[in-house]
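Please go through the structure below with the sequence at hand.

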Amino acid sequence: MTTATTFSWDKDDWASLNEMADGFDEYRPAYSAGLAGHTLDVDGVYDDSGEKVVITHGFGEETLSWSFADSAETTTGEGEGYELFEMQPGLFYLHYRRNSAGHPTVVSAAIDTVAGLVTGAVGELGLEPHTHLARQRWFRGIIRGGAAETEGRGRLHERTDELVGRRVRYAYSSDDVYDHVYLNTNLFTWLCLGGAEIGVGDTDACTYWKLRENTYLFSWLEKNVGVEGMVLVDLNALRSVGIQFGLDQQSGDLVNITMGSYAHEFERAGGVDEVRPTPPSA
């Protein structure tokens, strides 16, 4: 039996983010150069407002250029180092930091070059009035010249409830193991079963998108430590890849890591309507 530390709600009693993140790259998938030499233009919308945005990424071997153009402004950058992973043929996970921004800002996205669709978020830290908390702005779009545009194959990625009621155990390293229990379309519970945070858990706000069959983009915002987490979860291959982006609660240092895991799924619990108790017959 694994012995957990005494639980505390005080974040200062938890392992620091720097300590927690150490070693999380052990099971990370290999980097991909699958988009090097390509430019992707995306006609998209911001999920919070429905505002149209045109997003461009030009991929080099090690760096990229980017542009987000909406009705208010065009924001650009170049020479940004990026990390790219190909989790299924034509299904990529992209992560990079906007180093020119005045506060810590990252972009993370799922790119499906087969379907011609992109879904992701701009994550930000250091904003008033709660500078320690992470914020996200989601975007979704269609790749110009891709299947979604030229063949009318489908709509944008949609939110999903397919993970609700499921419990998955993720091993990020030979030491770090976490359970996720997906409670409803807005909340999930995480619990550390091995590693620096052993015995620590919480329930946080989350977002789910369906990318392909049994393949999801899942993201959460932690209220206690102030982390943005986002992972592409392939429950066919029982693998994940993703990020954690936050400010260390003890030192204030920026933590911006990519990570990967091997997954194990437990038997699914029934939904509320499936297992709602029925009063006995009179």
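Glu19, Asp22, Asp25, Glu26 and Asp175 form a patch of negative charge on the surface. In such a patch, residues have over 30% relative accessible area and no salt bridge, and like charges are joined within 9 Å. Asp and Glu count as negative and Lys and Arg as positive, while His and the chain ends are not counted. The place of a charge is taken as CG of Asp, CD of Glu, NZ of Lys or CZ of Arg. Accessible areas come from the Shrake-Rupley method with a 1.4 Å probe, and for residues only the protein chains shown count as cover. This is a predicted model, in which local features need pLDDT of at least 70 and side-chain atom pairs count only at pLDDT 80 or more, whereas totals for chains, interfaces and linings use all residues. Residues are numbered from 1 along each chain as its sequence is written, and side-chain values use heavy atoms, with hydrogens and water left out.

Helices (H or I, at least four residues) and strands (E, at least two) are DSSP runs, numbered from the N terminus. Glu26 is partly exposed because its relative accessibility is 43%; the class runs between buried, under 20% relative accessible area, and exposed, over 50% (1.4 Å probe, protein chains only).

Next come the salt bridges. Side chains of opposite charge can pair when their charged atoms come close. A salt bridge is counted when a side-chain nitrogen of Lys or Arg is within 4 Å of a carboxyl oxygen of Asp or Glu. How many salt bridges does the structure hold? There are 15. In one of them, Asp48 pairs with Arg137 at 3.1 Å, N to O. This pair links distant parts of the chain, 89 residues apart: Asp48 is in the loop between strand 1 and strand 2 (52–59), and Arg137 is in strand 8 (residues 135–143). Asp48 is exposed, at 58% relative accessible area, whereas Arg137 is partly exposed, at 27%.

Lys210 takes part in a salt bridge with Glu162, where the closest N and O atoms are 2.9 Å apart. Here too distant parts of the chain are linked, 48 residues apart, with Glu162 in the loop between strand 9 (158–159) and strand 10 (167–171) and Lys210 in strand 13 (residues 201–212). Lys210 also forms a salt bridge with Glu213, at 3.5 Å between the closest N and O atoms. Lys210 is partly exposed at 24%, while Glu213 is exposed at 58%. Elsewhere, Asp47, Arg140, Glu158 and Arg159 are linked in a network of salt bridges.

The backbone also has some features to find. Most residues other than glycine have a negative phi, and most peptide bonds are trans. Asn214, however, has a positive phi near 60°. Asn214 sits in the loop between strand 13 and strand 14 (215–221) and is buried, with a relative accessible area of 19%. Leu238 has a positive phi of about 55° and lies in the loop between strand 15 (227–234) and strand 16. The peptide bond between Glu128 and Pro129 is cis, with omega about 5°.

Last, Leu247 belongs to strand 16 (residues 239–247). Beyond its neighbours within four places in sequence, Leu247 has contacts (heavy atoms within 4.5 Å) with several residues, including Leu17, Leu125, His132 and Val225.

Notes: Patch = residues over 30% accessible without salt bridge, like charges linked within 9 Å, V, L, I, M, F, W, Y side chains within 5 Å.
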